[in-house]
Amino acid sequence: MVGNFNGQLELQKAKDELEGCTFVSPSTKGCYSSRIALWIHYCNQCCGGDDKVTDSRLADYVEWM
(Lines give C-alpha, C1' and ligand atoms only; values in the text may rest on other atoms or scores of the structure.)
Protein backbone atom coordinates (compact mmCIF):
# COMPACT_ATOMS: atom_id res chain seq x y z
CA MET A 1 0.00 0.00 0.00
CA VAL A 2 1.30 3.43 -0.92
CA GLY A 3 0.19 4.99 2.36
CA ASN A 4 1.61 8.39 3.22
CA PHE A 5 3.73 9.31 0.21
CA ASN A 6 5.57 12.57 0.67
CA GLY A 7 8.42 11.75 -1.66
CA GLN A 8 10.32 15.01 -1.99
CA LEU A 9 13.65 13.17 -2.24
CA GLU A 10 12.23 10.62 -4.66
CA LEU A 11 10.64 13.38 -6.76
CA GLN A 12 13.91 15.30 -6.93
CA LYS A 13 15.79 12.14 -7.96
CA ALA A 14 13.18 11.49 -10.67
CA LYS A 15 13.46 15.06 -11.97
CA ASP A 16 17.25 14.73 -12.03
CA GLU A 17 16.95 11.47 -14.00
CA LEU A 18 14.63 13.10 -16.53
CA GLU A 19 16.75 16.25 -16.90
CA GLY A 20 19.08 14.69 -19.43
CA CYS A 21 16.47 12.49 -21.07
CA THR A 22 15.99 13.55 -24.68
CA PHE A 23 13.26 11.09 -25.71
CA VAL A 24 10.67 12.47 -23.26
CA SER A 25 9.10 15.76 -24.29
CA PRO A 26 9.36 18.67 -21.83
CA SER A 27 5.56 18.89 -21.64
CA THR A 28 5.25 15.35 -20.23
CA LYS A 29 8.26 15.30 -17.91
CA GLY A 30 6.13 16.42 -14.95
CA CYS A 31 3.80 13.47 -15.35
CA TYR A 32 6.67 11.02 -15.72
CA SER A 33 8.62 12.44 -12.79
CA SER A 34 5.70 11.74 -10.44
CA ARG A 35 5.43 8.16 -11.69
CA ILE A 36 9.16 7.59 -11.45
CA ALA A 37 9.18 9.07 -7.94
CA LEU A 38 6.54 6.58 -6.83
CA TRP A 39 8.58 3.71 -8.36
CA ILE A 40 11.69 4.94 -6.50
CA HIS A 41 9.66 5.13 -3.28
CA TYR A 42 8.48 1.53 -3.78
CA CYS A 43 12.04 0.39 -4.47
CA ASN A 44 13.33 2.16 -1.36
CA GLN A 45 10.65 0.50 0.79
CA CYS A 46 10.59 -2.98 -0.69
CA CYS A 47 13.81 -3.57 -2.63
CA GLY A 48 16.51 -1.98 -0.51
CA GLY A 49 16.80 0.96 -2.89
CA ASP A 50 17.62 -1.15 -5.96
CA ASP A 51 15.42 0.38 -8.69
CA LYS A 52 16.09 -2.17 -11.44
CA VAL A 53 12.92 -2.96 -13.40
CA THR A 54 11.97 -6.64 -13.72
CA ASP A 55 8.72 -8.40 -14.61
CA SER A 56 8.29 -9.75 -11.09
CA ARG A 57 8.97 -6.35 -9.52
CA LEU A 58 6.41 -4.70 -11.77
CA ALA A 59 3.83 -7.28 -10.68
CA ASP A 60 4.73 -6.72 -7.01
CA TYR A 61 4.61 -2.94 -7.54
CA VAL A 62 1.07 -3.14 -8.91
CA GLU A 63 -0.02 -5.17 -5.88
CA TRP A 64 1.79 -2.74 -3.57
CA MET A 65 -0.13 0.16 -5.05
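Residues are numbered from 1 along each chain as its sequence is written, and side-chain values use heavy atoms, with hydrogens and water left out. Because the model is predicted, local features need pLDDT of at least 70 and side-chain atom pairs count only at pLDDT 80 or more, while totals for chains, interfaces and linings use all residues.

**Exercise 1. Find how many salt bridges there are, and describe the residues that form them.**

Step 1. The criterion is a side-chain nitrogen of Lys or Arg within 4 Å of a carboxyl oxygen of Asp or Glu, and by this rule the count comes to two salt bridges.

Step 2. One of them joins Asp51 to Lys13, whose closest N and O atoms are 3.7 Å apart. This pair links distant parts of the chain, 38 residues apart, since Lys13 sits in helix H1 (residues 8-19) and Asp51 in the loop between helix H2 (29-46) and helix H3 (55-64); helices here are DSSP runs (H or I, at least four residues), numbered from the N terminus.

Step 3. Accessibility is classed as buried under 20% relative accessible area, exposed over 50% and partly exposed in between, with a 1.4 Å probe and protein chains only. Asp51, with a relative accessible area of 33%, is partly exposed, and Lys13, at 35%, is partly exposed as well.

Step 4. A salt bridge is also formed by the side chains of Asp50 and Arg57, with an N to O distance of 3.2 Å. Here Asp50 is partly exposed at 38%, whereas Arg57 is buried at 17%.

**Exercise 2. Determine how H2 and H3 pack, and which residues make the contact.**

Step 1. Two packed helices are described by the angle between their axes and the distance between the axes. The axes are lines fitted to C-alpha atoms, for helices over the stretch in contact, and the angles run from 0 to 180 degrees between N-to-C directions.

Step 2. For H2 and H3 the angle is about 100 degrees and the axes are 11 Å apart. The two helices are therefore roughly perpendicular to each other, a class that covers 65 to 115 degrees, whereas angles under 35 count as roughly parallel, over 145 as roughly antiparallel and the rest as oblique.

Step 3. With contact taken as heavy atoms within 4.5 Å, H2 contributes Arg35, Leu38, Trp39, His41, Tyr42, Gln45 and Cys46, and H3 contributes Arg57, Leu58, Asp60, Tyr61 and Trp64.

Step 4. These residues divide into seven nonpolar, two polar and three charged, where Ala, Val, Leu, Ile, Met, Phe, Trp, Tyr, Cys and Pro count as nonpolar, Asp, Glu, Lys and Arg as charged, and the others, Gly among them, as polar.

**Exercise 3. Identify the buried residues of H3 and the way they are arranged about its axis.**

Step 1. The buried residues of H3 are Arg57, Tyr61 and Trp64.

Step 2. Seen down the axis of H3, they fall within an arc of 60 degrees, so they line one face of the helix; the arc is that of the directions from the helix axis to the C-beta atoms.

Step 3. Asp55, Val62 and Glu63, on the other side of H3, are exposed, while H2 is included in what covers the buried residues.

**Exercise 4. Describe the surroundings of Arg57 and Cys47.**

Step 1. Arg57 touches Trp39, Tyr42, Cys47, Asp50, Asp51 and Lys52, not counting residues up to four places away in sequence.

Step 2. Cys47 lies in the loop between H2 and H3 and counts as buried at 17% relative accessibility.

Step 3. Leaving aside neighbours within four places in sequence, Cys47 is in contact with Tyr42 and Arg57. The C-alpha atoms of Cys47 and Arg57 are 8.9 Å apart, for a separation of ten residues in sequence.
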